[in-house]
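Here is a friendly note to read alongside the structure. Please keep the 3D view open and follow the numbered points in turn.

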Amino acid sequence: MTTEAQRALPVGDLAAAVDGPVFVPSDAGFGDEVTGFNLAHLPTPAVVVGATGAQDVAAAVRWAARHGLHVAVQATGHGLTSDLDDVLLVSTRRMTDLAVDPVARLARAGAGVRWRAVIDAAAPHGLAPLNGSSSGIGVVGYTTGGGLGPLARRHGFAADHVTRFEIVTADGRVRQVDAASDPDLFWAVRGGRESFGIVTWIEFGLVAQPRFHGGGIFFPGERADRLLHAWRDWAPRLGEDTSTSIALLALPPDPALPPPLQGRFVVHLRFAHLGDAGEGERLLAPMRAIAEPLLDGVAEMPWAGVDAVHMDPTAPMPVWDRGVGLGSLPAEAVDAILTEAGPDSSSPLVLVELRLLGGALARPAAVPNAVAGRDAAFSLYCLGVPAGPEAAVAVPARATALIEAVRPWTAGGLVALAGQAGPDPVVALWDDDDRALLRELKRRYDPAGVLGGPVRA
Ligand SMILES: Cc1cc2nc3c(=O)[nH]c(=O)nc-3n(C[C@H](O)[C@H](O)[C@H](O)COP(=O)(O)OP(=O)(O)OC[C@H]3O[C@@H](n4cnc5c(N)ncnc54)[C@H](O)[C@@H]3O)c2cc1C
């Protein structure tokens with residue numbers, strides 16, 4: 001979008017049609033409105049609408065379509081994958097309505113709600129949502145991409161628990177959708193992300209999980225070889241009540257980190273067990289025996305402490321990420337990962353993570369949905385900080401080399417963890433039948449391609 005074209009846009013019409021603020025790039029509030037978690041992509045949309053509700057979203061979508069702009073949506077900026085030129089960006093951060101019904105075990109979250117708010121509202125009732133590794137992530141973006149969290153091997157993807165949602169489709173209509181009212185749209189949005197509309201609120205089931213036994217154990221990076229090989233043997237033997245991942249982390253010399261971790265290359269074993277603490281300790285014993293931990297944070301804790309499992313960064317930072325699914329994890333695959341990203345690899349990646357999938361993740365949802373990646377036994381995800389011209393080249397290059405190195409074992413993958421894969425590899429994550437149906441539904445609900453998202457008509 002050129003500056004000239006921006007001037008030609010009748011933004012005053014849009015401002016009159018919505019309750020929330022409207023920003024163009026020259027406005028003082030524009031930068032704050034578009035800046036989210038991932039600082040690697042500072043979006044430069046032609047116009048941003050700070051939506052306050054479904055009517056604002058609908059007016060913005062209709063206005064964008066009238067003026068030949070595409071529409072994108074952002075809540076927190078954790079999942080930003082493009083620079084968002086030539087678009088109207090709907091910013092949902094003001095849409096923070098949240099209600100928890102402890103009797104029905106349901107929560108209803110506006111498009112701007114983050115998991116932390118749901119966790120805290122559900123906790124007094126002994127309930128928990130199917131949030132992911134970081135409670136700072138947005139409920140809607142995470143859930144519509146599938147949503148893989150520490151309860152997932154027992155309960156499945158977050159998208160499997162959605163009961164209803166409200167969505168603004170490309171024609172600007174506000175629709176309330178459930179399995180009975182529009183089974184096709186209900187199927188597609190739970191896994192197909194923003195390709196079919198902008199979700200304004202989402203209702204989903206909560207599970208009874210007041211406490212769990214878990215956390216993270218940090219080991220010296222020099223033991224990465226033994227630890228990763230031990231994990232690939234140990235993890236698949238765990239039951240569905242236990243989730244685990246293991247990460248190679250290049251930690252910064254940050255004084256906010258515990259002293260034994262500052263500036264070190266470490267192995268981070270993550271563990272979440274839904275049964276009792278004694279059983280959790282017994283299950284962990286073989287991994288604890290591999291090496292002396294630098295720091296052991298596994299304990300029984302309330303679900304509200306779940307961020308302690310992954311200890312993801314919370315402050316905005318530049319991120320370049322990529323992920324794939326793996327059908328198996330033989331010794332050769334672990335060796336390939338260590339060659340590209342191990343302690344002697346000079347890798348610029350700051351995180352390389354293997355998550356155990358399987359259990360309920362491998363089974364279809366009670367009401368089928370478009371979640372991709374159920375065939376994968378593991379997820380491999382990596383992330384670098386592309387700060388500065390050297391890292392901006394080295395990080396994507398090494399991430400791509402890592403993904404290439406595990407190609408013999410690759411099996412699909414998760415849309416929410418695909419990172420900067422680009423639209424074609426993301427669309428390839430769905431099997432042929434699901435991809436064909438998604439494209440057919442894209443033609444039905446967004447024939448002019450007003451909305452972005454991985455699915456194209
Ligand atoms: C540090 C970190 C940890 C993560 N951990 C996990 C994890 O444990 N499990 C997991 O599954 N994923 C994880 N993710 C991936 C995350 O789920 C996705 O990036 C998700 O899309 C983020 O959603 P958001 O709303 O927070 O981000 P945003 O950048 O605001 O949105 C990302 C995308 O979500 C979609 N979206 C957002 N709002 C709407 C809406 N109202 N309607 C339709 N589509 C919408 C759009 O496609 C949008 O481009 C992680 C990401 C990061 C950066």
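1. Let us start with Ser346, which sits in the loop between helix H12 (331-341) and strand S18 (349-356). Helices here are DSSP runs of H or I with at least four residues, strands are runs of E with at least two, and both are numbered from the N terminus. Ser346 has a positive phi, near 55 degrees, and is a residue other than glycine. Most residues other than glycine have a negative phi. With a relative accessibility of 66%, Ser346 counts as exposed. The words for exposure follow relative accessible area: buried is under 20%, exposed is over 50%, and partly exposed lies in between, with a 1.4 Å probe and protein chains only.

2. A word on what you are looking at. This is a predicted model, in which local features need pLDDT of at least 70 and side-chain atom pairs count only at pLDDT 80 or more, while totals for chains, interfaces and linings use all residues. Residues are numbered from 1 along each chain as its sequence is written, and side-chain values use heavy atoms, with hydrogens and water left out.

3. Met311 also deserves a look. Its phi is positive, about 50 degrees, although Met311 is not a glycine. You will find Met311 in the loop between H11 and strand S17 (320-326). Is Met311 buried, exposed or partly exposed? Met311 counts as partly exposed, at 43% relative accessibility.

4. Now to the ligand. How many residues surround the ligand? There are 28, and the closest are Ala75, Thr76, Gly138, Leu148 and Glu194; a residue belongs to this shell if one of its heavy atoms lies within 4 Å. By class, the shell has 13 nonpolar, 11 polar and 4 charged residues. In this scheme Ala, Val, Leu, Ile, Met, Phe, Trp, Tyr, Cys and Pro are nonpolar, Asp, Glu, Lys and Arg are charged, and the others, Gly among them, are polar.

5. Which elements build that shell? Strand S3 (70-74), helix H6 (139-144) and strand S10 (198-205) each supply at least two of its residues. H6 gives the largest share, with 3 residues.

6. A backbone N or O atom of Ala75 is 2.6 Å from a ligand oxygen atom. In the side chain of Arg193, an N or O atom lies 3.0 Å from an oxygen atom of the ligand. A nitrogen atom of the ligand is 2.9 Å from a backbone N or O atom of Val199. On its own the ligand has 950 Å² of accessible area, and the protein covers 96% of it; such areas come from the Shrake-Rupley method with a 1.4 Å probe, and for residues only the protein chains shown count as cover.

7. The aromatic rings come next. Rings of Phe, Tyr and Trp (its six-membered ring) pair if their centres lie within 6.5 Å; planes under 30 degrees apart are stacked, over 60 edge-to-face and the rest tilted. The count by this rule is 6 aromatic pairs. The ring centres of Phe212 and Trp303 are 5.0 Å apart and their planes are at 65 degrees, so this pair is edge-to-face. Phe212 belongs to strand S12 (residues 211-220), and Trp303 to the loop between strand S16 (299-302) and helix H11 (307-310), so the pair ties together parts that are 91 residues apart in sequence. Phe212 is buried, at 1% relative accessible area, and Trp303 is buried too, at 2%. Elsewhere, ring pairs link Trp115, Tyr142 and Phe204 into a cluster.

8. Two arginines lie over ring faces. Arg108 is over the face of Trp201, 4.0 Å from the ring centre, and Arg190 is over the face of Phe186, 3.9 Å from the ring centre. The rule asks for NZ of Lys or CZ of Arg within 6 Å of the ring centre and within 35 degrees of the ring normal.

9. Finally, a few buried residues. Arg175, in strand S9 (residues 174-178), is buried at 14% relative accessible area. Its side chain makes a polar contact with the side chain of Asp171, at 2.9 Å. A polar contact is a pair of N or O atoms within 3.5 Å; within protein, one must be able to donate a hydrogen and the other to accept it, and residues adjacent in sequence count only if both atoms are side-chain atoms. Leu206, in the loop between S10 and strand S11 (207-208), is buried at 6%. The C-alpha atoms of Leu206 and Arg105 are separated by 5.2 Å, although the two are 101 residues apart along the chain.
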